Amino acid sequence: MGARALLIGNWDYGHPDGGMAALRGPRHDVAHLKEALTHPTLGMFKDGEIDVRENLTADALSDALSETIAASRPGDLLLIYYSGHGERLGASQQLGLLGVDVPYERRLNRALPADMLRSWLEEARASSKVIVLDCCYSGQFRGDIVDDDVLATFGTGTVVLASGGNQVVPDEGEQDGPSAFTKALATVLVDPSLPGSDGILTAEDVYAALDGFVPRLQPRPHRNLDAQGRIGLARRPGAAREDGQIEVRGWPDDLRVVPVDLTLKRSTVVASWDRDENGRITTDERDVTALDGTRLAAIRRLCELADAVMRAKDYGEPSWQRRARGALETAGANLFEAALPRAVQRLLAEADDEVVVQLNLTFEPPWAQLSEFPWEFLNVPAELGVEHAGLAQRRLVVSRSGPPQRLAAREPDIVDVAVVSSVAPRYARMPKRLGAELVAMPKIRTLATPDDRPATWAQLLEAVDQKPDCLVVCAPLLRVDDHPPTAKLGFGGGPETDWRTAESLADELRRARGLRAVVLASVAAEAGLDAIRAAPMVASVLNAELGVPVVFICHTPGLEAYVDDSDPHELKTFIGLLLAALASGKDLVRSVWFARDRVLRYIPAELQPTFGVPGFFLSPASQARASVHAERSLPKFAGIGGPGKAEPR
């Protein structure tokens, strides 16, 4: 998460034609508050993130506020502080902020009205906005919203802390010192006896401390929260979990992964694996005659049928959801029967609850286009005697493009994650919940979190500019049946969806040096088309161009009903569970399986058909890139590879 602050102190009032009275406190207020905000261990801001402005005229005051707000970026914490004269304006009695050049008799029409500042803030791209007002009548900024309107989730919003309500506020608390309110605020921010929670002191914590401050502040401070969630104003390193690690509940310590390399060659399908983990490789193969044109065309039509059903207006009904799932599982059954050697079929059918099979797919010419097929939906036919067929009884994880090697396991570092979501507002609950979960995690620093509005391409680029370790993109996907077929991602910003190719995204992501992984999520709904097949196509391009692991998942409409505003420490999203496992040093194969299994275990039965099946790309190129940048990037997402040799430190 980025941070920026604008601290304004106006004290040198005195227009030659009769100005407002000069003040003493603001001269000291801004310096006092800046020192607290940049405290070496408890401060939320760095020195270069704070802009101090003093004795601004009316025009300069307006420019400073509007320009700072407009320059904010998604994921930013934006703090604006004003110490100076405030005035009640007109019949509405709203707050006005006064530049030092305003004559007393013109104060009502030269003041900057609070509703203008509020309108700028509503358009700001910062995820968290905090306004601190130390002036007369500062409570008038609060408008009609009451203190109880505190929303329960993390994310976007505006917090207002004010030195008083609808009354005059004393200029300074002591001779040649800051005001009593600002002095108390600075004291609270750096008070180590205030523990906060999860490593931060929130705006709520700060207000509670100000309200109970000794000596009692007069007038009583006011606050207003028009916000989503807990917004941190100071750090509390000692308040993080005792071991400083992410708690991955339910991690399958005894789960055994059996990697199976499956290569589609020109005339054969070859599988190889270490059946007994003794170094002796088992191989099996079959010819490709079953993958004839008729069979492949049938699989394509099943995918298209599933996509059409998902985008139908009646898809919310369980019967329609079962039809879509049935089409995909029928496609998976065809792949199981036509592409897997017999020994691999038996391995999947006979795997017990302590085994997960990692099926790692490689496609040689002329089979490259089969990468977009729904291999994640491989379906073990019921006639094989399996009690619960479908999705290989949840005992399968599918990866593509070559056998992964394990990166060196080591103590996880802070992981920087940016989440960009351009899905339609009706599906935004899932990415917003993900943002809340990431903010609540130790060892995760969120650089950008989503809100209700579909992100624009420019907002994605701003997230990339922050150089995250992991980029999460939630976007509608479009498969275009060109020659060869292409896939695109959709973004907001206009009346029509702004479609961008996977290649253009890869071009931009090359600038994010240190990028360790990409997670792609989508919903098979408007404005997308054929998203189930488009997801692995986009992931394939990103993996090939960037050489980093790319995990993908495509849900269907209805899954958004699963998430709510409950405690974000209780991880509910697939991506939240996945990143928690990876950031704690778990390997990628088990992390994907664990996150999927955890959601399916707790999701209501009627919503299970809407949950997508994840897959990932992890090619040898990923390992080459990782070893080149080992010194800089290996400590983060330490377990992102599968079994294999360790890289040097």
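**Labels and their cut-offs**

Biologist: Why are Arg 325 and Glu 329 separated by about one helical turn?

Modeller: They sit 4 residues apart in helix 8 (residues 318-339). Helices are DSSP runs of H or I with at least four residues, strands are runs of E with at least two, and both are numbered from the N terminus. This is a predicted model, so local features need pLDDT of at least 70 and side-chain atom pairs 80 or more, while totals for chains, interfaces and linings use all residues. Residues are numbered from 1 along each chain as its sequence is written, and side-chain values use heavy atoms, without hydrogens or water.

Biologist: Why is the pair Arg 325 and Glu 329 called a salt bridge?

Modeller: The closest N and O atoms of Arg 325 and Glu 329 are 3.8 Å apart. The cut-off is 4 Å, from a side-chain nitrogen of Lys or Arg to a carboxyl oxygen of Asp or Glu. So the pair qualifies.

Biologist: Are Arg 325 and Glu 329 buried or exposed, or in between?

Modeller: Buried means under 20% relative accessible area, exposed over 50%, partly exposed in between (1.4 Å probe, protein chains only). Arg 325 has 13%, so it is buried. Glu 329 has 21%, so it is partly exposed.

Biologist: What makes Asp 507 and Arg 510 a salt bridge?

Modeller: Their N to O distance is 2.5 Å. Asp 507, with 44% relative accessible area, is partly exposed. Arg 510 is also in that class, at 39%.

Biologist: How do you know that Asp 587 belongs to a salt bridge, and is it buried or exposed?

Modeller: The side chains of Asp 587 and Arg 590 meet at 2.9 Å, N to O. Asp 587 has a relative accessible area of 8%, so it is buried.

Biologist: What about Leu 588?

Modeller: Leu 588 is in helix 15 (residues 588-602). Its relative accessibility is 1%, so Leu 588 is buried. Its C-alpha atom is 8.4 Å from that of Leu 578, 10 residues away along the chain.

Biologist: How many salt bridges does the structure hold, and which residues are linked in a network?

Modeller: There are 27. Salt bridges link Glu 304, Glu 372, Arg 479, Asp 481, Asp 530 and Arg 533 into a network.

Biologist: What makes the crossing of helix 12 and helix 13 right-handed or left-handed?

Modeller: Left-handed means the near helix is turned anticlockwise from the far one by less than a right angle, right-handed means clockwise. Helix 12 and helix 13 cross right-handed. The axes of helix 12 (residues 502-509) and helix 13 (residues 531-546) come within 9 Å, at roughly 35°. Axes are lines fitted to C-alpha atoms, for helices over the stretch in contact, with angles from 0 to 180 degrees between N-to-C directions.

Biologist: Which residues meet there?

Modeller: Contact means heavy atoms within 4.5 Å. Ala 502, Glu 503, Leu 505, Ala 506 and Leu 509 in helix 12 meet Val 538, Val 541, Leu 542, Glu 545 and Leu 546 in helix 13.

Biologist: Why are strand 4 and strand 5 called paired?

Modeller: Pairing needs at least two DSSP bridges. Strand 4 and strand 5 (residues 94-97) have 4, and run antiparallel. Strand 5 and strand 6 have 2, also antiparallel.

Biologist: What makes strand 4 an edge strand?

Modeller: The open sheet has 3 strands in the order 4-5-6. Strand 4 (86-89) and strand 6 (112-113) each pair on one side only. Gly 96 stands opposite Glu 87 and also opposite Pro 113 in strand 6.
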